[in-house]
Amino acid sequence: MSYQSIYSFVSQQSSTISQSSRQPLLLPTKCLKIDSSLCYYTSRRKRNLSKIETISSQISVSYNTTLLSPSKNIIPDNSQKKSNEAALILIRHGESLWNAKNLFTGCVDVPLTEKGVEEAIEAGKISNIPIDVIFTSSLIRAQMTAVLAMIQHRRKKVPIILHNESDQAKSWSQVFSEETKDQSVPVIPAWQLNERMYGELQGLNKQETAERYGKQQVHEWRRSYDIPPPKGESLEMCAERAVAYFEENIEPKLAAGKNVMIAAHGNSLRSIIMYLDKLTCKEVISLELSTGIPLLYIFKDGKFMKRGSPVGPTEAGVYAYTKRLAQYRQKLDESSEVICS
């Protein structure tokens, strides 16, 4: 059975559920803090949708990938397709060396363990989902995850990390072959997608810290929404920068029909999911994200629809709900059959 056939069957069975899932999530709340947080993200969302509609109607060449074009410092947008649907993939980085040592990592730039590398490669099972641009944090563990996952993709496009830190960095890393650029995917690092800055806890052993300050205190630092560790960031502070960056730089790409992957961290991704799913601050602090497991959202008509993971037992459902992805998968399969024959 083709993936488009699966789509036709399941979408008919689930039309009622799909319609109801598009309605805004209205949740009771007991604290003013939650109310204000929820209203803050909702009002920002409304303002941003208006801005996105304007941008998407005017956009022509919009990758803002300043390193791959020798003339205007941008990648020519070779897929200027009019589409009101795009895929968004979220991946939490694999295990880092300090994760393995049970140390607070935060914004310290620590690479992946061997297990983390394997998790990143496993995340590459997103190989049947189209990816036009990748956003990641400025930290090596997220960038390793993004690159290792992307090189598993069936399109075999090469991920190229962009360097915008100086004019010289931009100039020296330009690519002058149009054919090569067509076979590349820009990877855009942004410090706004970094993990929470854990302040004076960074580098400390989590168990020893709990013994020193008390389990309850450490639990508040780690799991509360608005209580930061000493000289560090709360989840609320992390959400301020991560969601603002998402709204201003990533959502317009999705509105223009670009398929986006974000490889980042537990707390920066929690912040983005809070925005996408309209979660309250009470709900987001209990949200758990597994390392190396991709999550898929579909952006359509200005709304985000959660579609689970494009790997494992939910894979068929992902393609069944989304005709565009089913068609993309079908074309990949047909291309593979032609090469094999």
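Predicted model: local features only at pLDDT ≥ 70, side-chain atom pairs only at ≥ 80, totals over all residues.

I begin with the helices. The axes of helix 5, residues 114-123, and helix 6, residues 140-150, come within 7 Å and cross at roughly 45°. The two helices are therefore oblique to each other, and their crossing is right-handed. Where they meet, helix 5 contributes Val-117, Ala-120, Ile-121 and Ala-123, while helix 6 contributes Met-144, Thr-145, Leu-148 and Ala-149. Of these contact residues, 7 are nonpolar, 1 is polar and none is charged.

Is Glu-233 buried or exposed? Its relative accessible area is 13%, under the 20% limit, so Glu-233 counts as buried. Beyond its neighbours within four places in sequence, Glu-233 is in contact with several residues, among them Glu-195, Arg-196 and Arg-241.

Finally, the aromatic rings. The structure holds 6 aromatic pairs. In one of them, the rings of Phe-246 and Tyr-275 have centres 5.8 Å apart and planes at 70°, so this pair is edge-to-face. Phe-246 belongs to helix 11 and Tyr-275 to helix 12, 29 residues apart. Phe-246 is buried, with a relative accessible area of 0%; Tyr-275 is buried too, at 1%. Phe-246 also pairs with Phe-304: their centres are 5.9 Å apart and their planes stand at 50°, so that pair is tilted. Since Phe-304 lies in strand 7, this pair ties together parts 58 residues apart in sequence. Ring pairs link Phe-246, Tyr-275, Phe-299 and Phe-304 into a cluster.

Thank you for your attention.

Methods:
Residues numbered from 1 in each chain as written. Heavy atoms only, no water. Axes fitted to C-alpha atoms, helices over the stretch in contact; angles between N-to-C directions. Helix = DSSP H or I, 4+ residues; strand = E, 2+ residues; numbered from the N terminus. Parallel < 35°, antiparallel > 145°, perpendicular 65-115°, else oblique. Left-handed = near helix turned anticlockwise from the far one by under 90°. Contact = heavy atoms within 4.5 Å. Nonpolar A, V, L, I, M, F, W, Y, C, P; charged D, E, K, R; others polar. Buried < 20%, exposed > 50% of the residue type's maximum accessible area, 1.4 Å probe, protein only. Phe/Tyr/Trp six-rings, centres within 6.5 Å; stacked < 30°, edge-to-face > 60°.
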